[in-house]
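Look at the sequence and model, then read on.

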Amino acid sequence: MRSAPTILHLDMDAFFASAEQASKPSLRGKAVVVGGLGPRGVVATASYEARVFGVHSAMPMAQARRLAPNAAYLVPRFGFYRSISEQVMGLLRALSPLVEPLSLDEAFVDLEAGGAAWDEESARLAAVKLRTDIRAVTGLTGSVGLAASKMLAKIASEQAKPDGLVVIDPGSERAMLGPMSVRTLPGVGPATGDHLRRAGITTVEEIVEAGEDELVRLLGKAHGHGLYAMALAHDERPVVAERETKSVSVEDTYDVDIHDRVRVGLEVQRLADRCVRRLREAGLSGRTIVLKVRRYDFSTLTRSETLRGPTDDQAVVREAAARLLEAVDTTGGVRLLGVGVSGLADYTQEDLFAQAAEERAEVDAGVVEEGEDRSVEVREEPAERRWVAGHDVRHEEFGHGWVQGSGLGRVTVRFETPDSGPGRVRTFRVEDPALSVAEPLPLVSGGLAGV
Ligand SMILES: [Mg+2]
């Protein structure tokens with residue numbers, strides 16, 4: 001492991017909610033919840049003001065509404081968040097050729113690789129400048145962790161939240177990690193956490209005390225060995241910029257076409273499980289889940305869904321494959337099914353359940369990157385489709401605004417822009433010809449000044 005804290009982890013603060021607050025002056029300082037508003041909707045991101053009420057990501061939306069009935073509830077605008085993410089990633093790439101994004105708002109940077117830092121002082125300076133630049137370019141805040149390894153840099157950025165910088169001095173890692181929950185370590189999700197807890201292990205120190213042999217007995221060779229090393233703060237994983245486009249996939253051809261939809265679903269689950277086993281055996285995780293279906297007439301189609309971060313979680317891959325299958329017509333029978341994972345990484349996000357929930361939020365919101373539109377809400381209310389809560393609109397007379405709500409043939413719009421004050425609300429008929437869908441405005445006008 002290197003001797004200076006030159007691995008940087010950036011995590012934007014309450015990213016989706018902060019972007020919405022920056023975009024909508026009337027929501028600044030208020031509780032804002034971004035997520036799926038449909039019946040199965042879950043919270044993708046809650047603003048810090050909403051977290052005070054106990055609202056957090058992955059929580060069912062209905063529960064959030066009970067806890068914070070007066071919060072603003074908005075549908076995610078992934079295109080908008082992606083454009084901000086590109087600005088942030090651009091700033092990171094200016095620091096180093098080794099930038100490893102984990103999701104839209106999170107990445108590792110190897111500061112030594114770009115010559116941006118070589119010791120603690122230079123790393124600290126680079127991090128301070130980065131945080132200033134991110135604020136200048138995007139108008140948003142991000143928290144930064146600096147350490148000598150990826151694991152510790154990520155722990156540091158978590159401690160730095162919100163809007164902070166934390167440096168973990170090389171040499172102090174073991175003492176710091178000791179009292180922390182096992183869930184702090186990469187790869188320890190809820191299931192592994194429960195498993196360890198049943199064996200009486202709840203802290204990192206207790207992993208060290210249990211010893212490597214015990215860990216291997218509990219979790220198997222690869223996972224047990226890896227986790228023991230992490231508990232000792234040994235993490236040699238490099239920051240990896242570009243990955244070869246590889247994939248892990250499994251498929252089965254059936255002697256007799258399968259007609260029964262339930263059976264097709266079960267086969268897809270079985271393939272998803274097999275695919276995850278292969279993935280784990282290779283120590284990999286991936287972001288894109290692919291479903292392949294060859295029908296009775298030999299027509300073959302593939303459907304894919306890209307998650308916000310890599311996963312090797314059986315439940316996440318199963319769910320994604322099942323969602324993809326929902327959009328495929330299998331009447332007439334299928335002769336081949338396959339499930340694959342691509343966009344491979346050797347890093348798994350810790351909070352896989354939250355991730356799964358965010359993906360569900362994405363689908364619920366009707367934002368689907370590939371494949372067909374599967375939005376429940378859209379199907380239920382075709383007439384309201386254009387006026388999605390939180391999305392931008394333009395009125396010929398009143399200018400730029402956003403949809404505050406719609407229903408019963410009416411749409412209410414708040415007219416404000418990122419650099420205006422809080423705006424006024426007006427109500428229109430949904431078919432008002434003066435009202436049209438608009439693109440989001442940049443959060444910082446002349447955004448790149450000073451960089
Ligand atoms: Mg974040």
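Q: Where do α1 and α4 meet?
A: F15, F16 and A19 in α1 meet F80, Y81 and I84 in α4. Contact here means C-beta atoms, placed from the backbone, within 7 Å. This is a predicted model, in which local features need pLDDT of at least 70, side-chain atom pairs count only at pLDDT 80 or more, and totals for chains, interfaces and linings use all residues. Residues are numbered from 1 along each chain as its sequence is written.

Q: What makes α1 roughly perpendicular to α4?
A: The axes of α1 (residues 15–23) and α4 (residues 78–95) cross at roughly 95° and come within 11 Å. Angles of 65 to 115 degrees count as roughly perpendicular. Therefore α1 is roughly perpendicular to α4.

Q: Why is E106 called buried?
A: A residue is buried if 20 or more other C-beta atoms lie within 10 Å of its own, exposed if 12 or fewer, and partly exposed in between. E106 has 21, so E106 is buried. UniProt, in an unreviewed entry, annotates E106 as "active site"; such annotations may be inferred rather than shown by experiment.

Q: Why does D11 count as buried?
A: D11 has 20 C-beta neighbours inside 10 Å, so D11 counts as buried. D11 is found in strand β1 (residues 7–12).

Q: How do you know that D11 and D105 gather at one spot?
A: UniProt lists both under "binding site" in an unreviewed entry.

Technical notes. Axes fitted to C-alpha atoms, helices over the stretch in contact; angles between N-to-C directions. Helix = DSSP H or I, 4+ residues; strand = E, 2+ residues; numbered from the N terminus. Parallel < 35°, antiparallel > 145°, perpendicular 65-115°, else oblique. Contact = placed C-beta atoms within 7 Å.
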